[in-house]
Amino acid sequence: MQENGNMPVVHVINGRQKKLLQGHPWVYGNEIERVEGEPEDGALVTVVDFRGRYMGTGFYNSRSLITVRLLTHRSEAITDELIAGRVKAACDYRRFVMQREGTDSCRLIYGEADRLPGVIADRFGGVIVLQVLALGMERYTQVIADALIACEQPDCLLLQNDDAIRRKEGMECFTKVLHGELPEETIISENGIRLAVDVRGGQKTGYFLDQKDNHLFVRQFCRGARVLDCFSYIGGFALNAAAAGAAEVTAVDISEDAVKLIDRNAALNGMQISTVCANCFDFLRQQVKEKQRYDVIVLDPPAFTKSHANMANACRGYKEIALSAMRMLPPGGVLATHSCSYHMPEDVFVNTVLSAAQDLHRQVRVITLRRQDIDHPVLAGYPESHYLKSLWLQMLD
Ligand code: SAH
């Protein structure tokens, strides 16, 4: 059954075979009963269940909590062609779901969900930013880069291997242009808006492409409205609100670099956006004190919790900002509030936000519950690939 009989074999404890059979790509250290052979970190291993039944082939890394990342659940050899084929399949999917007028940027590879563990590739106009965050994939970097260049013909491909996760996986951090030349400034189009994105020094790969569709969704509530965009980063929601004809837009972020880019982006589009560099928790409290009023408020904080352990704290955080926002929204006002942490289950997040309305004795309409844009696909059997919750409420009274 196994392709490579001489590969080290990882035996998974009884009970953990089910998730693998459902397509989950990870084996945690505490799910391993024993390892046959002495795999080096980054080497391929065969994974079997407690009965010795083949579960898949993947990369071993003793330094990572995720000890094995599976590349396949089928009996097939892991070759350069297989990896290049996965890249092409990922690009093909975007070609078919990302035909959006006025948008030239999207996520091309979303790691495990595209069956390329630890690999992220984002297209920002003519620039592709690639990140390889799993040790086993490191040796395929050039294969992945070549396949991306063949599929997408970018002007530039930047390998942005500077995420701290790499150190945890036992790799160095560095940034390198692998193809073409990096332009002085990278300007993308999203929903017809021009955005300057910092692909070298910005957060993540430079921009949060997962919110594109939600940025567009906010527009319908914004005509003539006073809009507040909290945790705005470089202004995705704020710029779309302004494009929709908002009367007034305020964007708040704690990062000075982000706020500078909001100003730049407002200028690029000839829009008026008031920017504030502040901690949104303090800012919101202050605004409530001043009895400010907004018609639309967006809350899009960073992940408050990176584990299950501090869920209670995270809930307190989501509730506090929701309470402040609701206090400033009149009847008819709209709140769009987000959680980007996988560890925050959707129902817990929704109930937390709704409990804020209950505390204020106000009724709300749940307009919709959305998620990340579809260029960040969800892989069946791998619930971690759905992380972004986007809850839209209207205050009824
Ligand atoms: N809304 C953005 C993405 C936000 S990411 C978009 O649609 O593109 C989260 C942002 O929150 C980051 O820009 C980060 O700088 C900012 N941030 C983190 N902690 C903060 C805090 N306490 N107050 C204000 N901003 C904060």
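**The ligand site and the aromatic pairs**

An oxygen atom of the ligand lies 2.7 Å from an N or O atom in the side chain of His215. A polar contact here is a pair of N or O atoms within 3.5 Å; within protein, one must be able to donate a hydrogen and the other to accept it, and residues adjacent in sequence count only if both atoms are side-chain atoms. The model is predicted, so local features need pLDDT of at least 70 and side-chain atom pairs count only at pLDDT 80 or more, while totals for chains, interfaces and linings use all residues. Residues are numbered from 1 along each chain as its sequence is written, and side-chain values use heavy atoms, with hydrogens and water left out.

The side chain of Gln203 places an N or O atom 2.9 Å from an oxygen atom of the ligand, and a polar backbone atom of Ile254 is 3.1 Å from a ligand nitrogen atom. Taken alone, the ligand exposes 580 Å², and the protein buries 91% of that; accessible areas come from the Shrake-Rupley method with a 1.4 Å probe, and for residues only the protein chains shown count as cover. There are 17 residues around the ligand, of which Gln203, His215, Asp253, Cys280 and Asp300 come nearest; a residue is near a molecule or strand if one of its heavy atoms lies within 4 Å of it. This shell divides into 9 nonpolar, 6 polar and 2 charged residues.

The aromatic rings form a second theme. Rings of Phe, Tyr and Trp (its six-membered ring) pair if their centres lie within 6.5 Å, and planes under 30 degrees apart count as stacked, over 60 as edge-to-face and the rest as tilted. By this rule the count comes to 13 aromatic pairs. Tyr93 and Phe96 make an edge-to-face pair because their planes stand at 80°, with ring centres 6.4 Å apart. These two residues are 3 residues apart in helix α2 (residues 80-97), so about one helical turn separates Tyr93 from Phe96. Helices (H or I, at least four residues) and strands (E, at least two) are DSSP runs, numbered from the N terminus. Phe96 is exposed, with a relative accessible area of 66%, whereas Tyr93, at 24%, is partly exposed; buried means under 20%, exposed over 50%, and partly exposed in between (1.4 Å probe, protein chains only).

Another pair, Phe304 with Tyr318, is tilted, with 4.8 Å from centre to centre and 50° between the planes. Phe304 lies in the loop between β17 (296-299) and α9 (311-328), and Tyr318 in helix α9, so this pair ties together parts that are 14 residues apart in sequence. Tyr318 is buried, at 0% relative accessible area, while Phe304 is partly exposed at 23%.

Phe231 is buried, with a relative accessible area of 14%, and its phi is near 60°, a positive value in a residue other than glycine. Most residues other than glycine have a negative phi.

Helix α6 (residues 236-243) holds Asn240, which is buried at 1% relative accessibility. A polar atom of the Asn240 side chain lies 2.8 Å from the backbone oxygen of Gly236.

Key. Ala, Val, Leu, Ile, Met, Phe, Trp, Tyr, Cys and Pro count as nonpolar, Asp, Glu, Lys and Arg as charged, and the others, Gly among them, as polar.
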